[in-house]
Amino acid sequence: MGNLVNERKSYFVEKFYFGTVAAMSKRETLEIRSSSDIVHVRQQVRIWAVAMGFGLVDQTKIVTAASELARNTVDYGKGGTVTLETLQSGSRKGLRLIFEDKGPGIPDIALAMTDGYTSNHGLGLGLSGSKRLMHEFELVSQVGEGTKIAIVRWR
Ligand SMILES: Nc1ncnc2c1ncn2[C@@H]1O[C@H](COP(=O)(O)OP(=O)(O)O)[C@@H](O)[C@H]1O
Ligand SMILES: [Mg+2]
């Protein structure tokens, strides 16, 4: 395992706060610019989830959430990155995925989180569905600056 970093999860102001003090032991950042990058993100997330011992159902939940957020990063965020992190909190392991873009941002987060809301021609289930599939979901967005979404699934 790489460097063990003890960090209090409060590096997003306001809405972003993980009460859990967890150790982050492994981290990797991937570019998300195209549909082929989304395929790569899906593959990497699956590999990490398998390596962490997540079962098939959990793997699929995490990959599905990652796929939706990666798609949004391309479609709305003008491209960006995802950072994969393994967390350890006591005896619990977690997989955290942080999506970041410097796109237009989300003017009304509550509206964007609503089931079925799309500003485009989507199904409007990407954000709300991702939230349901994971244990933690934190979104910070600033109009004109970009969007940052972190999701965690624990096992
Ligand atoms: N990274 C992002 N940057 C800007 N806007 C976003 C981003 N992600 C989502 N949105 C906005 O939130 C809406 C809802 O997203 P989502 O639930 O994935 O549904 P869909 O992609 O089908 O529209 C999008 O239509 C878009 O307006
Ligand atoms: Mg979407």
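How many bridges join strand β5 to strand β6? In this predicted model, the count is seven. Strand β5 covers residues 136–142 and strand β6 covers residues 146–154. The two strands run antiparallel. Glutamine 142 has glycine 146 of β6 as its bridge partner. Three residues lie between the strands of this hairpin. Within the hairpin, glycine 144 adopts a positive phi near 85°.

Two helices pack against each other elsewhere in the model. Helix α1 spans residues 35–51, and α2 spans residues 56–75. Their axes are 9 Å apart and meet at an angle of about 150°. Because angles over 145 degrees count as roughly antiparallel, α1 is roughly antiparallel to α2. The crossing of the two helices is right-handed. From α1, the contact draws on Ile38, Val41, Arg42, Val45, Arg46, Ala49 and Val50. From α2, the contributors are Asp58, Gln59, Ile62, Val63, Ala66, Ser67, Ala70, Arg71 and Val74. By class, this contact has ten nonpolar residues, two polar and four charged.

The ligand is surrounded by 22 residues. The closest are Asn72, Thr118, Ser119, Gly122 and Gly126. Twelve residues of the shell are polar, eight are nonpolar and two are charged.

Note on methods
Residues numbered from 1 in each chain as written. Chains lettered and ligands numbered in written order. Predicted model: local features only at pLDDT ≥ 70, side-chain atom pairs only at ≥ 80, totals over all residues. Near = placed C-beta within 6 Å. Helix = DSSP H or I, 4+ residues; strand = E, 2+ residues; numbered from the N terminus. Nonpolar A, V, L, I, M, F, W, Y, C, P; charged D, E, K, R; others polar. Pairing = 2+ DSSP bridges. Axes fitted to C-alpha atoms, helices over the stretch in contact; angles between N-to-C directions. Parallel < 35°, antiparallel > 145°, perpendicular 65-115°, else oblique. Left-handed = near helix turned anticlockwise from the far one by under 90°. Contact = placed C-beta atoms within 7 Å.
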